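Hi,

Here is the structure I promised to pass on. Have a look at it first, and then read my notes below.

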Amino acid sequence: MDDLRFKGKWNELRGRAKQEWADLTDDDLLYEEGKEDELYGKIQQKTGKAKDEIRDWFNQQLDRL
């Protein structure tokens with residue numbers, strides 16, 4: 001994933017993630033530079049999805065923005 005693209009669109013991506021996975025909270029979706037794996041781990045715990053599946057979902061969403 002292109003980090004600059006991801007960071008630039010994070011607010012929109014966060015909103016879409018909350019719509020996709022209603023169990024996620026704002027705290028779950030706190031983005032900190034260099035802690036992407038931690039973010040994916042939190043999403044994995046709440047959704048039961050694999051890390052690659054979550055990463056692919058975010059990439060698809062980025063392509064749509």
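**Salt bridges and core**

Asp 28 has a relative accessibility of 12%, so it counts as buried, the cut-off being under 20%. Please keep in mind that this is a predicted model.

The partner of Asp 28 is Lys 46: the two form a salt bridge, with 3.0 Å between the closest N and O atoms. This pair links distant parts of the chain, since Asp 28 sits in the loop between α2 and α3 while Lys 46 belongs to helix α3, 18 residues apart. Lys 46 is partly exposed, at 37% relative accessible area.

In total, the structure holds five salt bridges. Another one joins Lys 49 and Glu 53, whose closest N and O atoms are 3.8 Å apart. Here Lys 49 is partly exposed at 31%, and Glu 53 is partly exposed at 41%.

Asp 52 and Arg 55 also meet through their side chains in a salt bridge, at 3.8 Å from N to O. Both residues lie in helix α4, three residues apart, or about one turn of the helix. Asp 52 is exposed, with 52% relative accessible area, whereas Arg 55 is partly exposed, with 25%.

Now for the nonpolar side. The largest nonpolar core has 15 residues, and those touching the most other members are Phe 6, Trp 10, Ala 17, Leu 29, Leu 39, Ile 43 and Phe 58. Helices α2, α3 and α4 each supply at least two residues of this core, and α4 gives the largest share, four residues. Leaving aside residues up to four places away in sequence, Ile 43 touches Trp 21, Leu 24, Leu 29, Gly 48, Ile 54 and Phe 58.

Best wishes

Definitions and conventions
Residues numbered from 1 in each chain as written. Predicted model: local features only at pLDDT ≥ 70, side-chain atom pairs only at ≥ 80, totals over all residues. Heavy atoms only, no water. Core = buried A, V, L, I, M, F, W, Y, C linked by side-chain atoms within 4.5 Å. Buried < 20%, exposed > 50% of the residue type's maximum accessible area, 1.4 Å probe, protein only. Contact = heavy atoms within 4.5 Å. Salt bridge = Lys/Arg side-chain N within 4 Å of Asp/Glu carboxyl O.
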